[in-house]
Amino acid sequence: MPTHATVCPFCRGLNSAGERRCYRCGRPLPGPLASGVIGFFQNTFTGDAAITRIFLGLCLLVFALCIISDHRLPLYSDQFSMSTTLRFGALLGSLGTAEPWRYVAAVFVHYNAVHLVC
Ligand SMILES: [Zn+2]
């Protein structure tokens, strides 16, 4: 049971402390962890520039996976190893002919931090 006023993640109604159901929409009020997860997805996938935020998030996710895979963060004069970038969908030579999904996946692969920012 919430011990402080809670904003309903579904209708944004402000509920007083101790409420188990939203006074406005009648849905059960989730706990703090579930509210945070629901709020994150609502903020990410709705509102202004949702597609841009999703694309940016995918770029950052793939970049983070490349850092984990390569065990380093190349800043500007260095870059991830070719095997790492190919693993996450980079497009090289005629590889796109055999694996056409790389034409889309390559959009999210960046070779170093400057490449990601610019
Ligand atoms: Zn509600």
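Tutor: In this predicted model, the C-alpha centres of domain 1 and domain 2 lie 36 Å apart.

Student: Which residues belong to domain 1 and domain 2?

Tutor: The domain assignment gives 6–45 for domain 1 and 50–117 for domain 2.

Student: What makes Cys8, Cys11, Cys22 and Cys25 donors of the zinc ion?

Tutor: Their SG atoms lie 2.3 Å from the zinc ion. Along the chain, the donors follow the spacing C-x2-C-x10-C-x2-C.

Student: Why is the site of the zinc ion called tetrahedral?

Tutor: The angles among its four donor atoms are 100 to 120°.

Student: How do you know whether cysteine 22 is buried or exposed?

Tutor: Its relative accessibility is 4%. Buried means under 20%, so cysteine 22 is buried. Cysteine 8, at 0%, is buried by that rule too.

Student: And what is cysteine 25 called, with a relative accessible area of 33%?

Tutor: Cysteine 25 is partly exposed, because 33% falls between the cut-offs of 20% and 50%.

Student: How many disulfides are there?

Tutor: The count comes to zero. A disulfide is a covalent bond between the sulfur atoms of two cysteines.

Student: What makes arginine 72 and aspartate 70 a salt bridge?

Tutor: Their side chains meet with 3.3 Å from N to O. The rule asks for a side-chain nitrogen of Lys or Arg within 4 Å of a carboxyl oxygen of Asp or Glu, so the pair counts. Arginine 72 also forms a salt bridge with aspartate 78, where the closest N and O atoms are 2.4 Å apart.

Student: What are Asp70, Arg72 and Asp78 linked in?

Tutor: They are linked in a network of salt bridges. Aspartate 70 is buried at 14% relative accessibility, arginine 72 is partly exposed at 30%, and aspartate 78 is partly exposed at 37%.

Student: How many salt bridges does the count come to?

Tutor: It comes to three. One of them joins glutamate 99 and arginine 102, with the closest N and O atoms 2.5 Å apart. Here glutamate 99 is partly exposed, at 27% relative accessibility, whereas arginine 102 is buried, at 7%.

Student: Where is phenylalanine 108 found?

Tutor: Phenylalanine 108 is in the loop between helix 5 (102–105) and helix 6 (113–117).

Student: Why is phenylalanine 108 called buried?

Tutor: Its relative accessible area is 12%. Since buried means under 20%, the term applies to phenylalanine 108.

Student: Which residues does phenylalanine 108 touch, not counting residues up to four places away in sequence?

Tutor: Phenylalanine 108 touches Phe55, Leu58, Cys59 and Val62. A contact means heavy atoms within 4.5 Å. Valine 62 is 46 residues from phenylalanine 108 along the chain, yet their C-alpha atoms are separated by 6.5 Å.

Terms used. Residues numbered from 1 in each chain as written. Predicted model: local features only at pLDDT ≥ 70, side-chain atom pairs only at ≥ 80, totals over all residues. Heavy atoms only, no water. Domains from an automatic or database assignment. Donors = N, O, S within 2.8 Å, 3.2 Å for Na, K, Ca; no water. Tetrahedral: all angles 85-135°; square planar, octahedral: opposite > 155°, others 65-115°. Buried < 20%, exposed > 50% of the residue type's maximum accessible area, 1.4 Å probe, protein only. Disulfide = S-S within 2.5 Å. Helix = DSSP H or I, 4+ residues; strand = E, 2+ residues; numbered from the N terminus.
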